[in-house]
Structures are given as structure tokens and as C-alpha cells.
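This briefing is for a reader who is meeting the structure for the first time.

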Amino acid sequence: MVVPLTPIRFLYRAAELYGRKKAIICGARQFTYAEFRERCERLASALRAQGVQPGDRVAYLSFNNHQLLEGYYGVAMAGAMVMPLNVRLSAAELTGILCHAEPRVLLFESEFAPLLAQLRPSCSSIERLVSLDEPVAEADGVYEELLAAGRPEPIDFMAVDENAAAELFYTSGSTGTPKGVMLTHRTLYLHALSVATIYDDRDSTVNLQTIPLFHANGWGCPQTSTLLGARQVMVRRFEPATVFRLIEEHRATDMALVPTMANALVNAPERAAHDLTSMKRIMIGGAASSAELIERMEQAFGCRCYAGYGLTETGPVLTTGRVKDGLRFDSEASRYRRQAMAGFPVPNVELRVVNAQGIDLPRDGTSIGEVLTRSDHVMEGYYKDPEGTASALSDGWLRTGDMAVWDEEGYIHIVDRKKEIIISGGENISSLEVEKAIAAHDGVYECAVVSAPDETWGEVPVAVVHAKPGSNLTAEELLAFAGERLARFKLPKRIDFTDAPLPKTGTGKIRKLELRERYWAGKERRVQG
């Protein structure tokens with residue numbers, strides 16, 4: 001028997017088994033899974049009545065809320081692609097994405113209404129603007145009125161094409177022009193099954209939706225949480241005080257973070273005033289973590305914390321740094337180092353680490369190569385970009401662009417992006433390794449290491465450091481500290497301090513390309529190999 005693989009089935013399972021359970025919590029509003037299903041059905045019906053056809057795009061410009069979560073299912077039930085937009089992008093960046101994706105409907109929170117005056121004239125495909133919260137002059141309607149016009153009609157998921165794209169996400173653009181990643185019903189279904197194996201307590205999970213749902217770590221949660229019948233608590237905007245309050249109020253057990261979020265929580269003075277003992281698992285992804293950050297998080301929250309790894313193109317989760325059964329550690333520091341690694345694959349994921357000639361490298365923990373992957377939840381391809389798709393999906397494997405080592409236990413450790421490896425005098429220097437050594441200092445809030453031109457070595461590492469308030473750090477002190485952890489040739493040749501937070505993408509990644517350009521302006525990057 002062949003039953004189409006679609007996350008819509010998760011919604012109906014949750015409504016059948018946990019229909020009366022308080023499932024979705026968004027500020028003062030709460031919905032059971034039965035109510036959530038009906039709202040998704042009404043959304044699907046209303047979108048079809050508005051002329052949305054299979055394959056159309058439906059865009060959202062919104063922080064985390066129940067309306068956006070409903071879009072994950074209601075849009076797919078209408079046969080269209082849900083397309084959450086990064087709310088932190090500029091008008092020009094959003095215009096570029098919208099003109100490329102050509103959505104028919106754009107749903108938005110009213111605070112973004114002024115932005116629509118710039119977007120709509122340039123995006124002719126948008127036929128209808130719907131305000132998610134309150135009436136505004138720029139909108140053609142209000143969300144609750146749209147739902148009221150829809151009908152709670154069950155969807156026949158047997159008629160769903162599992163190979164049709166259900167979601168369209170644009171990459172963060174931290175290293176180049178954003179690309180539209182297409183994820184199919186089948187991809188999303190199988191990704192959720194793989195990630196569900198991480199959980200031990202399944203339906204008693206209370207998942208704090210901390211990361212924006214337009215971020216890779218965020219959009220992987222709605223399907224898995226619904227499959228498990230977990231309670232989902234929406235965090236509209238990330239603020240440490242809000243996160244602590246919601247953990248305590250709803251006895252949250254799980255959350256995912258990017259390192260900048262984790263760092264903010266660890267250093268927030270409000271943390272001591274809240275009961276956080278309900279937390280069981282914290283997963284850090286989106287950028288490389290450090291053993292020191294893992295240790296600080298476990299001490300702060302009293303629960304297991306580990307890294308994870310994946311890409312927009314992979315749905316996203318490929319690996320987690322969970323401790324495998326049978327591993328033994330000679331110290332807690334050794335365990336933290338293991339949990340800070342990208343880790344070993346979740347079920348149904350295959351990995352390779354290869355050299356420039358595509359030859360598999362030994363699992364010796366030292367040989368650096370590019371990570372390739374194939375799995376049930378790799379993207380269908382880039383939207384309207386066959387050349388980019390062919391370049392990324394080569395010989396049946398996805399080229400991640402991430403450089404890593406791996407060991408005999410099957411754990412991989414990301415050392416850098418392929419484009420961010422610093423080649424100084426023929427030596428490969430991992431910017432991530434240098435960053436972790438510097439960030440381990442108690443006086444450092446955040447840092448980034450990039451290349452700068454050098455007449456002798458071609459390029460050398462430089463560090464841009466944002467110190468904690470009240471810190472009197474000096475470059476000499478930091479270099480001495482890092483020198484205890486790094487070979488001399490890896491040490492930054494220059495440390496620049498900044499009083500302002502480092503520039504970041506909308507998903508919290510540091511814009512290293514922007515920082516690097518400050519040193520390379522007017523120069524051509526050439527390295528000696």
C-alpha cells in the first residue's frame with residue numbers, strides 16, 4: 001500500500017489523538033489540536049476561494065505567532081507553497097525575493113504596513129494583502145475575516161502529490177545572493193520522522209518555538225512537534241526575559257537556539273529569578289558552537305545541551321551532537337567537546353567528507369574535507385535556478401560547502417565554510433577554531449575571525465571582538481589567552497574591538513562577508529598555496 005507522505009497527516013493524527021489537548025499557545029490565545037486543525041482547514045478553503053492554485057506561493061511577513069504556524073499547514077492543504085520571509089531584511093532585499101518568487105498572496109503583521117508601500121508597487125504578482133492582526137489601510141482584508149469565510153472541510157491527503165513543493169525558503173544570504181529552497185511534502189514528512197527519534201518523552205514535550213520560523217532551525221519544528229502531539233509555545237520575538245518567563249509559566253522542556261541566542265541567555269541577569277528546571281533538551285545550531293558555551297548552558301539550565309548541524313537545503317537537521325550509547329569520557333570537559341561537535345547523523349542521513357578530488361577522507365579527526373550528504377530530506381532544488389541546483393546536487397550528493405573532519409565514531413566536526421577557510425602562507429586556518437578559542441574568554445561577548453590581506457602571507461586572520469560591558473580586555477591579553485589553545489600560526493595578527501554588536505543576518509548569523517570586506521576593500525583576494 002502506498003500512502004502519500006505529507007505533513008498534513010501529522011495534523012490529522014494530532015487532532016484525532018490529542019484533540020482536546022492545549023496545543024498551541026500564542027500570547028493570550030490558546031488552541032487545542034482540534035481547533036488548530038479546523039483553523040488550518042478554514043485557511044486552506046479561504047485561500048482556494050481567493051484564487052490560490054496548486055503550486056502558487058503564499059508569503060508571510062511575520063514574527064512567530066499562531067497565524068504563521070497555521071500557514072505551515074493551511075497553505076500546504078490548499079496545494080500551495082508557504083513562504084515565510086525574513087522580517088529583518090531591508091525593503092530592497094525583500095523586493096528582490098518577492099519579485100523572484102512571485103507570490104499571489106502576502107499575509108503580514110500590521111507593524112510592517114509602512115513597508116508595504118515600498119513592496120507592493122515593485123511586486124506585481126501580489127494580488128491580495130492580508131493583515132494578520134488588525135485592520136490597516138494597506139490591507140485588502142484581515143486574517144480572522146479570511147478564516148471566517150473559509151469552511152472546515154477535511155482534506156483528502158490521499159490526493160496529495162508527495163513530490164510537490166510545500167515550502168519555499170530563501171537562504172540567509174550571509175555568503176551571497178539568497179536562493180529559494182524548495183522542500184516537498186515527502187521531504188518534510190521524512191525529516192520530521194528522523195528528528196522525532198531524538199525525543200524520549202514524545203507527547204509530554206513542551207516545545208518553545210524560540211527561533212523565528214523563517215530560520216532553518218525554526219521551520220524544522222512545526223512538523224515534528226505536531227507529529228508528536230507536543231505543546232507548542234510561540235515566542236514572538238526573542239528576548240531573554242520573555243524566554244525565561246515562558247519556560248517557567250508553561251514548564252517548557254525543549255528549545256532550539258542559535259549561538260548568539262544561547263550567549264544572550266547565559267549572560268542575562270534575569271535568569272536567576274526564574275524556575276527553569278523543566279528544561280530537558282536544548283539544541284544549538286545555525287552556527288558552530290563551542291564546548292565552553294555548551295558547558296555554560298548546561299550549568300545555567302540544568303539540562304542536556306548539544307549542537308546540531310544542517311542547512312536550509314536539508315530540511316534542516318542532518319546531525320546532532322548527542323552522546324551515543326557506549327561512549328565513555330575521561331572528564332566532563334571531554335563530554336562538552338563531544339556535544340559541541342556537529343555530531344552523528346540522524347536516521348536516514350548519509351554523510352561523506354571528501355577532498356577536492358572527491359575522494360573520501362579517513363576518519364582520523366584531522367583530515368579536512370567538504371561535507372557531502374544524501375538523505376530523504378534534501379531539497380528538491382533551488383526555485384527557478386536549474387544551474388544552481390545542478391551545481392549543488394552533484395552525482396547524487398548535496399555539496400554543503402562546509403569543511404569538516406570526522407572521527408572513528410562517525411561524529412563530524414565543522415571547521416569552517418569552504419569560502420571562509422583562511423589560507424595563510426599555504427596553511428589552512430579555520431576561522432571557527434580561532435573564534436572558539438577567543439570566545440572562551442569570560443570577557444568576550446561575541447567575536448568573528450576573517451581574513452585580511454598580507455604582503456608576505458597572502459592573507460592572515462584578524463579578529464573583531466565585542467567585549468562584555470565593563471570588560472577592560474586588551475589585545476595582548478586575548479592573544480595570550482588564545483595562545484594557550486592555538487598554534488602560533490593560527491593566532492590573529494590583529495584584534496579590533498568594537499563597542500557595537502557585530503552585524504548579523506536576520507537569522508542571527510554574523511555577517512562575516514561584511515566584516516571581511518572592510519579589510520579587502522579595493523583589493524583582490526589572492527592567497528599563497
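Helices (H or I, at least four residues) and strands (E, at least two) are DSSP runs, numbered from the N terminus. This is a predicted model, in which local features need pLDDT of at least 70 and side-chain atom pairs count only at pLDDT 80 or more, while totals for chains, interfaces and linings use all residues. Residues are numbered from 1 along each chain as its sequence is written, and side-chain values use heavy atoms, with hydrogens and water left out.

- Glu-514 and Arg-518 both belong to helix H17 (residues 512-520), where they stand four residues apart, about one turn of the helix.
- Their side chains form a salt bridge (3.7 Å, N to O), a term for a side-chain nitrogen of Lys or Arg within 4 Å of a carboxyl oxygen of Asp or Glu.
- Glu-514 is partly exposed at 37% relative accessible area, whereas Arg-518 is exposed at 54% (buried means under 20%, exposed over 50%, partly exposed in between, with a 1.4 Å probe and protein chains only).

- Asp-254 and Arg-281 are joined by a salt bridge (2.6 Å, N to O).
- Because Asp-254 lies in strand E12 (residues 254-257) and Arg-281 in strand E13 (residues 281-284), the pair ties together parts that are 27 residues apart in sequence.
- Asp-254 is buried at 4% relative accessible area, and Arg-281 is buried at 9%.

**Across the structure**
- The structure holds 39 salt bridges.
- Salt bridges with shared partners link Arg-29, Arg-39, Glu-70 and Glu-144 into one network.
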